[in-house]
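Let's read a structure together, one feature at a time. Please have a look at it first.

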Amino acid sequence: MSEDRVSITPLVDGPLEVSGAVRVNASDGAEIRSADKVYLCRCGASEKKPFCDGSHKKIGFVSDVEA
Ligand code: FES
C-alpha cells in the first residue's frame, strides 16, 4: 500500500476520519485546510462544517454503519 494513499474511516457514532495528505477545498475550489488528518462531520450538526466540532455527542448521533 502506498503511503500517499488517503484512508477514510467512519468512526463509530462519530465523524469520518480522513488520513493521508489531505486537502479540503471550499465549493469554489479554495483550500480551507491542508493536513495529515481531518475529521469530517457526518451527523449534520457541526457548526464548523465540513469539519466535526464534537456536536455529534450532544445530539446523540448514532451511525447506521459500524466502523
Ligand atoms: S460528526 Fe462530529 S459534529 Fe457531526
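Q: What should I know before I start?

A: This is a predicted model: local features need pLDDT of at least 70, side-chain atom pairs count only at pLDDT 80 or more, and totals for chains, interfaces and linings use all residues. Residues are numbered from 1 along each chain as its sequence is written, and side-chain values use heavy atoms, with hydrogens and water left out.

Q: How many helices and strands are there, and in which order do the elements run?

A: Helices (H or I, at least four residues) and strands (E, at least two) are DSSP runs, numbered from the N terminus. Here there are one helix and three strands, and from the N terminus the order is β-β-β-α.

Q: What share of the residues is buried?

A: Buried means under 20% relative accessible area, exposed over 50%, and partly exposed in between, with a 1.4 Å probe and protein chains only. In this protein of 67 residues, 24% count as buried.

Q: Where does I32 lie, and which residues does I32 touch?

A: I32 belongs to strand 3, which covers residues 31–40. Contact means heavy atoms within 4.5 Å. Apart from neighbours within four places in sequence, I32 is in contact with V24, N25, A26, P50 and F51.

Q: Why does I32 count as partly exposed?

A: Because its relative accessibility is 42%.

Q: How far is I32 from P10?

A: Their C-alpha atoms are separated by 21 Å, with the two residues 22 apart along the chain.
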